[in-house]
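Colleague: I would like to learn how to read a few features of a model. Please take them one at a time.

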There are 2 protein chains.
Amino acid sequence: MALIGVKAFVFDVFGTVVDWRSGVARDAALFLERRAINGIDPLEFADAWRRRYGPAMEEVRSGRRAFVRLDVLHRENLLAVLADYGIDLTSVPAEDVDELNLAWHRLDPWPDSLSGLTRLKATRIIAPLSNGNIVLMLDMAKRAGIPWDAILGAEVVQAYKPMPEAYLRTADVIRSSAGANVPGRRAQQRSRGSEGMRIQDGVCCAPDGTWAGADHGFEGRSGLGRGRA
Amino acid sequence: MALIGVKAFVFDVFGTVVDWRSGVARDAALFLERRAINGIDPLEFADAWRRRYGPAMEEVRSGRRAFVRLDVLHRENLLAVLADYGIDLTSVPAEDVDELNLAWHRLDPWPDSLSGLTRLKATRIIAPLSNGNIVLMLDMAKRAGIPWDAILGAEVVQAYKPMPEAYLRTADVIRSSAGANVPGRRAQQRSRGSEGMRIQDGVCCAPDGTWAGADHGFEGRSGLGRGRA
């Protein structure tokens, strides 16, 4: 994996940079305690919430639903999970649902995330390329001290991973040259947009080697973006 | 100007955080020297380039042209300025045009910009709300050490200032609550989107007081966003 000329590293976040499961469980436990609801394992609650993540995004990826940011999907999924557990939604104030929904904004990094990112930041641009929306990533980073140079990801490019557009449009956004008229994100991604890109082992490199993106969600999908764009 | 509960400060950049005129002139001087072109004042060259900035964006703001990022407009404007000065465009390699176009990515902050922003960053989110595109702001910040928490602005919301959408959509992006289904940037901004916002003296506050944006481009436009949204 040649890193010479690599300009930027972009990262998956949930599970990669931060520990979503224990963080969500922590806030779920507080929520349940305050309501004196017993018999629900907060970790199982977190898992149940997360299980709805993929299907909710799939509605958007499939085109059946216009893009909405992840906070909106998380909140809808939370209401569904609460209902699944038999919790009377009319008894829960909307503000309390909002508050628990912000659990995703308060996740803690893994012990080595900050030191690793800080080392990379010294010589490269570092940014999330997460399905999490901008303010989610921003609140999380501000609270935990994650030193992102920018907040990239699904909301910026209006596409959820692992759609090729999520990666290809991000590549366009962080490409410095304006020599070619870069297509807007609304425009159909033209094949030119990915010409000559290397997308392998989770690293994308433009022909001039000026950028790269690393994302575990793209691993094993080598050539997917190139092939489908 | 009450700042209690203010979550974020967003800034105009060209002229506010950085000195565009001397920076562009510096790179223009190098470009002209290398070609042994005499008789062009680099500062006047910078002014001529900048004079095309507003009209180029106006094509987008008016809806006559789909949104393209500022790097693209800058490059088109650069070609026009070179032609205006009688420079034979066929004699200038595209890479050299690209390189000069990146002058906007290499602007220097005013002497007190970094210390002031660093102080604000200690307790608030700070981000550009510039018409400059993401990688332009990112390259600039990385080179100069501007400690933005995120890169917001025209490209993220697909609207150029001073259109109300540029401010209102940014407000939506950095609002933490997902209680209401936040309209996507593609959707028509509904009146609900700006309900109860205070937009005054360049500061926008949501009803819950959790965010604010300050931008000199919005000064004197109090109520414009609210009135037109």
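**Reading the model**

Modeller: Chain B can be laid on chain A by a turn of 180° and a shift of 0.0 Å along the axis, with an RMSD of 0.0 Å (least squares on the C-alpha atoms of residues with pLDDT of at least 70 in both). That is the relation of a two-fold axis. In general, two copies of a chain are related by a rotation about an axis and a shift along it. The model is predicted: local features need pLDDT of at least 70, side-chain atom pairs need 80 or more, and totals for chains, interfaces and linings use all residues. Residues are numbered from 1 along each chain as written, chains are lettered from A and ligands numbered from 1 in the order written, and side-chain values use heavy atoms, without hydrogens and water.

Colleague: Which residue of chain B comes closest to the rotation axis?

Modeller: Ala150(B), with its C-alpha at 2.3 Å. The same surface serves both copies, as 98% of the contact residues of chain B recur in chain A (contact: heavy atoms within 4.5 Å).

Colleague: How should I read a pair of aromatic rings?

Modeller: Such a pair is described by the distance of the centres and the angle of the planes. The whole structure has 16 aromatic pairs over all chains (rings of Phe, Tyr and Trp, its six-membered ring, with centres within 6.5 Å; planes under 30 degrees apart are stacked, over 60 edge-to-face, the rest tilted). Trp49(A) and Trp104(A) have ring centres 5.5 Å apart and planes at 80°, so this pair is edge-to-face.
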